[in-house]
Amino acid sequence: MAATPLNFQICTDAELTTAVCRQDQTAFSALISRHYQAVYRVAWRACRNDADSEDVTQEAFLKLWNNPSQLRDGNAVKGWLMRVASNLIMDKFRQKPMQELEDAAHVADASMPADAVLDHAHVTARIDAAIANLPERQRLALTMVHFEHLTNIAAAAAMEISVDALESLLARARRSLKTILADDGKLLLAAITRDGD
Amino acid sequence: MHDRDLDKLLSTASAPKPSVGFEQRLLAKIAPANNIISFPRRKTASPWLIGLPLAASLVLGVWLGASNTSLNPANIMVSQTIEDSTSNGFDDVVALIEDNLT
């Protein structure tokens, strides 16, 4: 009796990953469609560069395609891809000349003069810059839990740390953000409140 | 700054999206890898099948070369030749004739 073909649109991530281990291209396509945007966002939050984010997203998926056995838990594929993307973007940064990074930071700071009347776009740019400037692991933890809505357990598993360690990273990330945004926090809040009115 | 204020600010962060067609480009990347048909692997003889006769012939060669036994065909021929010449040499012709005459 022939095996019933899987409907990849309703399969779990674990079922798709098992199929990917057999080099099933359709299953891999389904995994890409399901997760590529989240993986892209994680990369983007680290570098705020579209081209680099796309490169890294592609590289993360190709790593999975070429060696799916390195993923231990198929259900954790989303978190795994996010972590790989985050590591890849940091590797990319380490290879770039320091001057490029300093230039990027300078542009981000220059976009918001202290006495300016801020609009929503400026606030967004300021928050994006603050998140990008967090230490790597704090940023990844915050992105996974706050922006991509992974549970603490799933995010901890993806980062291969305990839930306690993840919660500590989240707390430190929030503390760091408060420190970074302390000087112009009121200005930023006023801007988004005014825009909301 | 309160947690609630921070959450408000975080809610204004960008929600970036990949460029149009990125998913298709990504899918196209894996397609060529799937179309590669590898050559059938050549069947090679087991190394033991080649190595064993070679080792045996090497051992035999060394043994024959080192030993001074009558198994060596060269030794057999030489000793036979000397033996023949001593028993049937020119000096014994007279004795042989005399034997035949008596």
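**Close-up views of a predicted two-chain model**

**View 1. Surroundings of A:W80 in the predicted model.** With 26 C-beta neighbours inside 10 Å, A:W80 counts as buried, in a model that is predicted throughout. A:W80 has its place in helix α4 of chain A, which spans residues 77-95. When residues up to four places away in sequence are left aside, A:W80 touches A:L71 and A:A158. A:V39 lies 41 residues from A:W80 along the chain, yet the C-alpha atoms of the two are separated by 9.5 Å.

**View 2. The largest nonpolar core and A:A141.** This core has 58 residues, of which A:V39, A:A43, A:A60, A:L81, A:A85, A:A141 and A:A155 touch the most other members. Helix α2(A) gives the most to the core, with 14 residues. In soluble globular proteins, nonpolar side chains tend to be buried together. Around A:A141, and again not counting residues up to four places away in sequence, the residues touched are A:A155, A:M159, A:L166, A:L169, A:L170 and A:A173.

**View 3. Packing of α1(A) against α2(A).** Helix α1 of chain A (residues 13-21) and helix α2 of chain A (residues 25-47) pack at an angle of about 135°, and their axes are 8 Å apart. Because of this angle, α1(A) is oblique to α2(A). The crossing in which α1(A) passes α2(A) is left-handed. On the side of α1(A) the contact is made by A:L16, A:A19 and A:V20, and on the side of α2(A) by A:A27, A:F28, A:A30 and A:L31. Sorted by class, the contact of α1(A) with α2(A) has seven nonpolar residues, with no polar and no charged ones.

**View 4. The loop position of A:S162.** A:S162 is found in the loop between α8 (152-159) and α9 (163-181) of chain A. A:S162 is exposed, because 11 other C-beta atoms lie within 10 Å, where a count of 12 or fewer is the limit for that class. A:N152 is 10 residues from A:S162 in sequence, and the distance between them in space, C-alpha to C-alpha, is 9.4 Å.

**View 5. Chain B where it touches chain A.** Here 20 residues of chain B are in contact with 33 residues of chain A. On the side of chain B that touches chain A, the elements that give two or more residues are α1 (3-10) and α2 (22-35) of chain B. Helix α2(B) gives the most to this side, with seven residues. The residues of this side of chain B divide into 11 nonpolar, four polar and five charged.

Terms used:
Residues numbered from 1 in each chain as written. Chains lettered and ligands numbered in written order. Predicted model: local features only at pLDDT ≥ 70, side-chain atom pairs only at ≥ 80, totals over all residues. Axes fitted to C-alpha atoms, helices over the stretch in contact; angles between N-to-C directions. Helix = DSSP H or I, 4+ residues; strand = E, 2+ residues; numbered from the N terminus. Parallel < 35°, antiparallel > 145°, perpendicular 65-115°, else oblique. Left-handed = near helix turned anticlockwise from the far one by under 90°. Contact = placed C-beta atoms within 7 Å. Nonpolar A, V, L, I, M, F, W, Y, C, P; charged D, E, K, R; others polar. Core = buried A, V, L, I, M, F, W, Y, C linked by C-beta atoms within 7 Å. Buried ≥ 20, exposed ≤ 12 C-beta atoms within 10 Å, placed from the backbone.
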